[in-house]
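Visitor: Hi! I'm new to this kind of thing. Could you walk me through a protein model?

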Amino acid sequence: MRFILFVARRYFFSRNFGNAINIITLVAVLGIGVCTAALILVLSVFNGLTNFIEDLFSAMDPDIKVVASIGQYMTEDKAMVERLLAVDGVVAVTRTIEGKVVLDYVDNQAIAVLKGVEPDFNNVNQIDTFVYEGNYDFAERNNIPQAIFGNGVAAKLKANILNEVEPVRVLYIPQDSKLTNPNAIKTDFLFPSGFFSVQLEYDEKYVISDFETVRDILDAQNKLSAYEIRLENIDDAEKAREQIKLLLGEDYKVMTWFEQHSTLYRVMRNEKYISYLILVLMLSIAAVNIVGSLSMIVIEKVHDISVLKSFGASNALISKIFQVEGILVGGAGAMLGVIIATTLGLLQQFYGLVKLEGGDSFRVKAFPIALELGDYILVILTVTILSYLAGIYPSRVASRTKVVDGLRR
């Protein structure tokens with residue numbers, strides 16, 4: 001094997017840098033390098049986007065969520081929180097309750113989901129970090145509870161956090177009530193203490209206030225919507241989910257973060273795989289240059305091949321030399337691509353070279369990117385396989401070289 005590698009390396013690092021074969025080899029290396037870099041960067045951008053979206057959704061959605069298997073609410077179990085905290089990997093548990101309401105402010109109306117959270121809610125979902133105006137405060141103001149409003153809901157109402165006189169009127173209609181009965185409508189009031197912005201789906205949907213306040217508004221004493229759970233390590237979500245299901249039984253539905261957003265997660269994953277396949281096709285086209293490069297080397301080295309055969313080299317040995325030569329060309333391109341991708345990826349991470357269009361309205365201004373070891377291994381393995389396949393035909397041609405014909409040249 002050392003001899004095979006020695007010969008292949010000598011052919012790859014030819015001293016005559018100006019000849020056509022070296023130029024073709026250089027083009028092959030550059031082509032592989034550019035495609036490798038593009039493949040790593042595209043996969044890294046998808047990693048960054050996935051992480052960014054997870055961070056956004058985690059402001060409202062926990063690592064694991066426990067809800068009733070049937071119906072909107074579950075009956076409160078005072079020992080449930082302690083039982084859930086005893087599960088391996090669980091670091092925080094909080095109760096939430098929510099229901100749909102109609103909001104009325106001056107001459108503006110909006111439909112929203114009113115969500116009640118406990119003081120320890122931020123131990124599970126850090127919604128307070130997304131409050132961009134006002135404060136995360138549910139304490140009473142002028143004897144009226146406060147709430148934080150999603151940016152979209154606040155815009156529809158044209159709510160004003162500085163208005164000390166006019167609170168937002170909250171209208172709740174119990175599910176078992178008839179719309180024709182005006183007495184069934186329950187009316188309460190909330191002052192907006194702040195506005196939050198996570199992403200459009202939540203900004204146009206949620207108003208968040210104190211747990212007990214919302215439970216009174218929804219007339220749901222001793223009821224709650226969910227137990228929301230944060231894990232020490234999100235990668236252990238499936239394991240924790242199975243333990244919780246075993247603990248709680250069939251009356252509860254236990255969902256991991258990925259199950260709460262299965263459609264979004266599946267779309268992101270499929271787009272990543274499709275992009276990978278498209279770029280692998282481009283990489284395959286670039287690998288064709290390896291075939292041309294090796295074919296030219298075989299033609300140039302016919303005399304050398306014949307000499308090796310005259311000394312007893314087998315067809316298999318000659319074939320392996322050129323297969324290794326193809327892997328060396330692909331490997332050089334892969335290393336070049338890794339260097340380019342890592343350099344550009346780090347520059348994007350630290351300096352944000354490529355900006356997001358309309359980035360002023362986002363929490364991040366540039367395309368998020370996350371370089372992961374698994375992507376490097378996948379891409380390098382892909383390049384190695386393609387380089388090996390590209391070397392099969394030239395290596396077979398080389399192994400069929402006739403000793404007499406080669407020595408005559």
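Guide: Happy to! Let's start with one term: a contact means heavy atoms within 4.5 Å. In the protein chain, 79% of the contacts with a separation of 6 or more are between residues 24 or more positions apart. This is a predicted model, so local features need pLDDT of at least 70, side-chain atom pairs count only at pLDDT 80 or more, and totals for chains, interfaces and linings use all residues. Residues are numbered from 1 along each chain as its sequence is written, and side-chain values use heavy atoms, leaving out hydrogens and water.

Visitor: How many helices and strands are there in the protein chain?

Guide: The protein chain has 14 helices and 12 strands. These are DSSP runs numbered from the N terminus, with H or I and at least four residues for helices, and E and at least two for strands.

Visitor: And what share of the residues count as buried?

Guide: Of 409 residues, 48% do. Buried means under 20% relative accessible area, exposed over 50%, and partly exposed in between, using a 1.4 Å probe and protein chains only.

Visitor: Which residues have the most contacts inside the largest nonpolar core?

Guide: Leu103, Phe149, Leu157, Tyr227, Ile229 and Ile244 do, in a core of 45 residues. Strand β3 (residues 90–105) gives the most to this core, with six residues. Apart from it lies another core of 32 residues, including Ile40 and Leu386. A nonpolar core is a set of buried Ala, Val, Leu, Ile, Met, Phe, Trp, Tyr and Cys residues joined through side-chain atoms within 4.5 Å.

Visitor: Why would they group like that?

Guide: In soluble globular proteins, nonpolar side chains tend to be buried together.

Visitor: New topic: how many aromatic pairs does the structure hold?

Guide: Three. Rings of Phe, Tyr and Trp (its six-membered ring) pair if their centres lie within 6.5 Å; planes under 30 degrees apart are stacked, over 60 edge-to-face, and the rest tilted. Tyr136 and Phe138 form a tilted pair, because their planes are at 55 degrees, with centres 4.9 Å apart.

Visitor: Is Phe138 buried or exposed?

Guide: Buried, because its relative accessibility is 16%. Tyr136, at 26%, counts as partly exposed.

Visitor: Which ring does Arg141 lie over?

Guide: Arg141 lies over the face of Phe191, at 4.5 Å from the ring centre. Likewise, the charged end of Lys115 sits over the ring of Tyr206, 5.7 Å from its centre. For this, NZ of Lys or CZ of Arg must be within 6 Å of the ring centre and within 35 degrees of the ring normal.
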